[in-house]
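Q: Could you walk me through a few features here, giving the general idea and then the case?

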Amino acid sequence: MAFEAYESITVDVSDGVATITFHRPEKYNALSTEVYFDLARAFAEIQLDRSIDVTVITGEGEKAFCAGADIEQYAGPSEEHDPRQKDRQEFFYEDVYKRVYDLHCPVIAKINGYCVGGGLILAAFCDLRISVDDAKFGVPVTDIGQIPGGGSTYRVTQLIGEAKVKELVYTAGMAEAEEAREIGFVNHVVPREDLDETVGGIVDAIQDTGRKAVKNSKKAINYSANAPDLDTAHEYESDVWWEQFATQERVDLVDEFNEE
């Protein structure tokens with residue numbers, strides 16, 4: 001797989017880990033249409049490369065993970081905008097945000113600064129979120145006369161609850177990193193100098209377990225989180241459980257465990 005020739009991101013694959021880095025620090029790593037196209041291609045290539053165990057997404061510099069949409073693109077009356085705007089928004093959801101959620105491997109948002117708007121939505125669709133202690137979080141779209149998009153009214157509500165989502169959206173408010181952890185959006189908050197080591201430790205821990213088991217666990221957990229009821233979730237979970245039971249990985253790891 002040729003992870004190269006991107007315009008707005010870099011993709012590095014090494015030892016089973018894909019690292020995607022936004023490199024628009026002068027724009028706080030904002031999401032333009034070009035960035036979305038690059039992300040869509042990167043996620044499609046990662047989805048085809050089953051040797052990748054973990055994907056990490058981060059931003060260049062120390063100011064921002066991703067500060068959301070490039071607001072200049074939204075200026076002016078709606079009739080002056082590309083009539084394909086609605087189709088483009090659907091593309092952002094289907095080929096970027098949802099693809100992260102459905103990716104075959106765990107995805108970690110390595111949050112090194114502002115995580116705002118579309119950046120927060122992208123982080124929400126990741127599996128884990130690790131943040132520096134001076135990061136800030138929010139979807140302040142009401143400040144520009146818009147509502148949250150990209151499936152965020154569902155996904156972020158799943159993570160932090162309806163009341164907190166409404167407060168943050170209605171007031172165009174921002175949450176500090178520690179509050180983001182307390183409300184369940186962020187897994188860990190660490191000093192900036194510890195971010196690389198903390199994310200690296202989680203990646204190592206994932207790769208030290210059954211790698212197919214991790215990927216099948218993601219499938220089962222994601223399905224169950226969105227299932228209509230317990231019985232439906234259990235039925236799918238059971239299918240995936242038996243799928244994993246049939247793997248050589250399970251045989252080898254059980255034998256290894258019993259030999260210890």
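Q: At what angle do helix α3 and helix α4 pack, and how far apart are their axes?

A: Helices (H or I, at least four residues) and strands (E, at least two) are DSSP runs, numbered from the N terminus. Axes are lines fitted to C-alpha atoms, for helices over the stretch in contact, and angles run from 0 to 180 degrees between N-to-C directions. Here α3 (residues 118–125) packs on α4 (residues 152–160) at about 60°, with the axes 10 Å apart. That makes α3 oblique to α4 (under 35 degrees is roughly parallel, over 145 roughly antiparallel, 65 to 115 roughly perpendicular, the rest oblique). This is a predicted model, so local features need pLDDT of at least 70 and side-chain atom pairs count only at pLDDT 80 or more, while totals for chains, interfaces and linings use all residues. Residues are numbered from 1 along each chain as its sequence is written, and side-chain values use heavy atoms, with hydrogens and water left out.

Q: Which residues of α3 and α4 make the contact?

A: Contact means heavy atoms within 4.5 Å. From α3 come Leu 120, Ile 121, Ala 124 and Phe 125, and from α4 come Ser 152, Arg 155, Val 156 and Leu 159. By class that gives 6 nonpolar, 1 polar and 1 charged residues (Ala, Val, Leu, Ile, Met, Phe, Trp, Tyr, Cys and Pro are nonpolar, Asp, Glu, Lys and Arg charged, the others, Gly among them, polar).

Q: Is Thr 21 buried or exposed?

A: The scale is relative accessible area: buried is under 20%, exposed over 50%, partly exposed in between (1.4 Å probe, protein chains only). Thr 21, in strand β2 (residues 17–22), is buried at 17%. Leaving aside neighbours within four places in sequence, Thr 21 touches Ser 8, Ile 9, Thr 10, Thr 58, Gly 59 and Glu 60. Compare Ala 44 in helix α1 (residues 33–48), which is partly exposed at 26%. Ala 44 and Val 96 are 52 residues apart in sequence, yet 9.2 Å apart in space, C-alpha to C-alpha.

Q: Which strands pair with β7, and in what sense?

A: Two strands pair if DSSP finds at least two bridges between them. Strand β5 (residues 107–111) runs parallel to β7, joined by 4 bridges, with Ala 109 opposite Arg 129 of β7. Strand β10 (residues 188–190) also pairs with β7 in the parallel sense, over 3 bridges; there, Val 189 is the bridge partner of Ser 131.

Q: How many residues of β7 are buried?

A: In a regular strand the side chains alternate between the two faces of the sheet. Strand β7 (residues 128–132) is mostly covered, with 4 of its 5 residues buried.
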